[in-house]
Amino acid sequence: MKGDALQIQCYQCEEVKHNDCSTPEYIVNCTVNVQDMCQKEVLVKPDGIHYRKSCASSGACLIASSGYQQFCTGKLNSVCISCCNTPLCNGPKRKRPVPSAAPSDVQLKRQLLLFLTFIPPALMEITF
């Protein structure tokens, strides 16, 4: 049917330690046609690794992940943000599957550049 709404599911949690928010009770339905990606933040704190997971719009997620790239060191106070666009992709790492048709890093960066090209100047002043 033409015009079907796109909706994905992602894991959602705030500041959870030890990646334990990858269980069914943390699964949420993302907002139809708005939140088209899953976002995962990995924060390295003095008491261990914390995770923040949520639904996100592709524009906001790609901007956040590229903005935090310099802070993604894996050391203390490191912050890594990643975006993905398949159901529950912000969950636990799976064993490497056969390569799929998912966009590569290069393709996502091209999409981000294309997206940034069309943002009105007033929206560019939003800070994260």
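The model is predicted: local features need pLDDT of at least 70, side-chain atom pairs count only at pLDDT 80 or more, and totals for chains, interfaces and linings use all residues. Residues are numbered from 1 along each chain as its sequence is written, and side-chain values use heavy atoms, with hydrogens and water left out.

**Figure 1. Overview of the protein chain.**
The secondary structure comprises two helices and six strands; helices (H or I, at least four residues) and strands (E, at least two) are DSSP runs, numbered from the N terminus. Read from the N terminus on, the elements follow the order β-β-β-β-β-α-β-α. Of the 128 residues in the protein chain, 28% are buried, where buried means under 20% relative accessible area, exposed over 50%, and partly exposed in between (1.4 Å probe, protein chains only). Among contacts with a separation of 6 or more, 60% join residues 24 or more positions apart; contact means heavy atoms within 4.5 Å.

**Figure 2**
Four strands make up an open sheet in the order β2-β5-β4-β6, with antiparallel pairing; two strands pair if DSSP finds at least two bridges between them. The edges are taken by β2 (13-17) and β6 (79-84), each of which has a single partner strand, so one side of each is left without a neighbour in the sheet. From one strand to the next the twist averages 20 degrees. Helix α1 (residues 58-67) packs on the sheet and touches β4, β5 and β6. The direction of helix α1 makes about 150 degrees with that of β6; axes are lines fitted to C-alpha atoms, for helices over the stretch in contact, and angles run from 0 to 180 degrees between N-to-C directions.

**Figure 2. Strand β5 and its two partners.**
Strand β4 (residues 37-45) pairs with strand β5 (residues 48-56) in the antiparallel sense over nine bridges. The two strands form a hairpin with two residues between them. Within this pairing, Val 44 stands opposite Ile 49 in β5, and Cys 38 stands opposite Cys 55 in β5. Strand β5 also pairs with β2, in the antiparallel sense over three bridges. There, Tyr 51 in β5 is the bridge partner of Val 16.

Glu 41 is placed in strand β4 and is buried, with a relative accessible area of 13%. A polar contact of 3.4 Å joins its side chain to that of Gln 39; such a contact is a pair of N or O atoms within 3.5 Å, where within protein one must be able to donate a hydrogen and the other to accept it, and residues adjacent in sequence count only if both atoms are side-chain atoms. Leaving aside neighbours within four places in sequence, Glu 41 is in contact with His 50, Tyr 51, Arg 52, Cys 80 and Ile 81. His 50 belongs to strand β5 and counts as buried at 8% relative accessibility. The side chains of His 50 and Asp 47 make a polar contact of 2.8 Å. With neighbours within four places in sequence left aside, the contacts of His 50 include Glu 15, Val 16, Lys 17 and Glu 41.

**Figure 3. Val 79 in strand β6.**
Val 79 is found in strand β6 and counts as buried at 15% relative accessibility. Apart from neighbours within four places in sequence, Val 79 is in contact with Val 42, Leu 43, Tyr 68, Phe 71 and Cys 72.

**Figure 4. Lys 53 and the ring of Tyr 11.**
Lys 53 lies over the face of Tyr 11, at 5.7 Å from the ring centre. A charge sits over a ring if NZ of Lys or CZ of Arg is within 6 Å of the ring centre and within 35 degrees of the ring normal.

**Figure 5. Loop residues with positive phi.**
Asn 33, in the loop between β3 (27-29) and β4, has a positive phi of about 60 degrees although it is not a glycine. Asn 33 is exposed, with a relative accessible area of 55%. Leu 88 counts as buried, at 19% relative accessibility.
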